[in-house]
Amino acid sequence: MRVRFTPLHELSPTLSEQLEQFSPYTSPRFIALFEKVGGKAGYLLVEENGCPIAAVPIVEFGKWPIRRMQALVDGLPAPMWISPETKINVEDVRSETVRAISCRRYLKAYLTDYDNLFGDANGTLVPQKTSVIDLV
């Protein structure tokens, strides 16, 4: 299993379409908005045998050594798309994604996880409270 940062322009059309359909927050068109404010938008793409099996939308700001990462910006949720065809244990995919974030050596990295899907094995879990409002 390999996890790498993939900029928007490197996504295949098939994967872009799947991310677009999965959630508004994983949509390449939505994440591209953050490039207007100086971010580098893309995905932490998890691959197995060269095929994408999972993706988390992220935005990077700054350059090393002060590069920061947010998934997603301003407390927006960063849902993880997981391919329905994957045979890999989902917990292993999530754990490897968190490990990859820590290996990228960001000055700060934030992963907003409203569904409590990611553990705190490689980071610090900071519980937050928020109001969820359904807009109809």
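1. Basis of the note. The model is predicted, so local features are reported where pLDDT is at least 70 and side-chain atom pairs where pLDDT is 80 or more, while totals for chains, interfaces and linings use all residues. Residues are numbered from 1 along each chain as its sequence is written, and side-chain values use heavy atoms, with hydrogens and water left out.

2. Salt bridges. A salt bridge is counted where a side-chain nitrogen of Lys or Arg lies within 4 Å of a carboxyl oxygen of Asp or Glu. By this rule there are seven salt bridges. One of them joins Arg-2 and Glu-47, with the closest N and O atoms 3.6 Å apart. This pair connects distant parts of the chain, since Arg-2 belongs to strand 1 (residues 2-7) and Glu-47 to strand 2 (residues 40-48), 45 residues apart. Helices (H or I, at least four residues) and strands (E, at least two) are DSSP runs numbered from the N terminus.

3. Burial of the charged partners. Relative accessible area, computed with a 1.4 Å probe on protein chains only, sorts residues into buried (under 20%), exposed (over 50%) and partly exposed (in between). Glu-47 has a value of 10% and is therefore buried. A second salt bridge is formed by Arg-29 and Glu-20, whose closest N and O atoms are 2.8 Å apart. Here Arg-29 is exposed because its relative accessible area is 64%, whereas Glu-20, at 25%, is partly exposed.

4. Glu-60 forms a salt bridge with Arg-104, the closest N and O atoms being 2.7 Å apart. Distant parts of the chain are again linked: Glu-60 lies in strand 3 (residues 51-61), and Arg-104 lies in the loop between helix 3 (90-103) and strand 6 (108-111), 44 residues apart. Glu-60 counts as buried because its relative accessibility is 5%; Arg-104, at 24%, counts as partly exposed. Salt bridges with shared partners also join Arg-2, Arg-4, Glu-10 and Glu-47 into one network.

5. Helix 3. The expected span of a helix is 1.5 Å times one less than its number of residues. For the 14 residues of helix 3 this gives 20 Å, and the end C-alpha atoms are 20 Å apart, so the two values agree. Its buried residues are Val-93, Arg-94, Glu-96, Thr-97, Val-98, Ala-100 and Ile-101. Among the elements that cover these residues are strand 1, strand 2, strand 3, strand 4 (68-71), strand 5 (81-82) and strand 6. At the N-terminal end, Asn-89 caps helix 3, with a side-chain oxygen 2.9 Å from the backbone nitrogen of Glu-91. After helix 3 comes Arg-105, which has a positive phi near 55°.

6. Aromatic pairs. Rings of Phe, Tyr and Trp (its six-membered ring) pair if their centres lie within 6.5 Å; planes under 30 degrees apart are stacked, over 60 edge-to-face, and the rest tilted. The count comes to two aromatic pairs. Tyr-25 and Phe-30 have ring centres 5.8 Å apart and planes at 80°, so this pair is edge-to-face. Tyr-25 is partly exposed at 29% relative accessible area, and Phe-30 is partly exposed at 23%. Phe-30 also pairs edge-to-face with Phe-34, at 5.6 Å centre to centre and 85° between the planes. Phe-34 is buried because its relative accessibility is 12%.

Definitions and conventions. Contact = heavy atoms within 4.5 Å. Polar contact = N/O pair within 3.5 Å; in protein donor to acceptor, adjacent residues only side chain to side chain.
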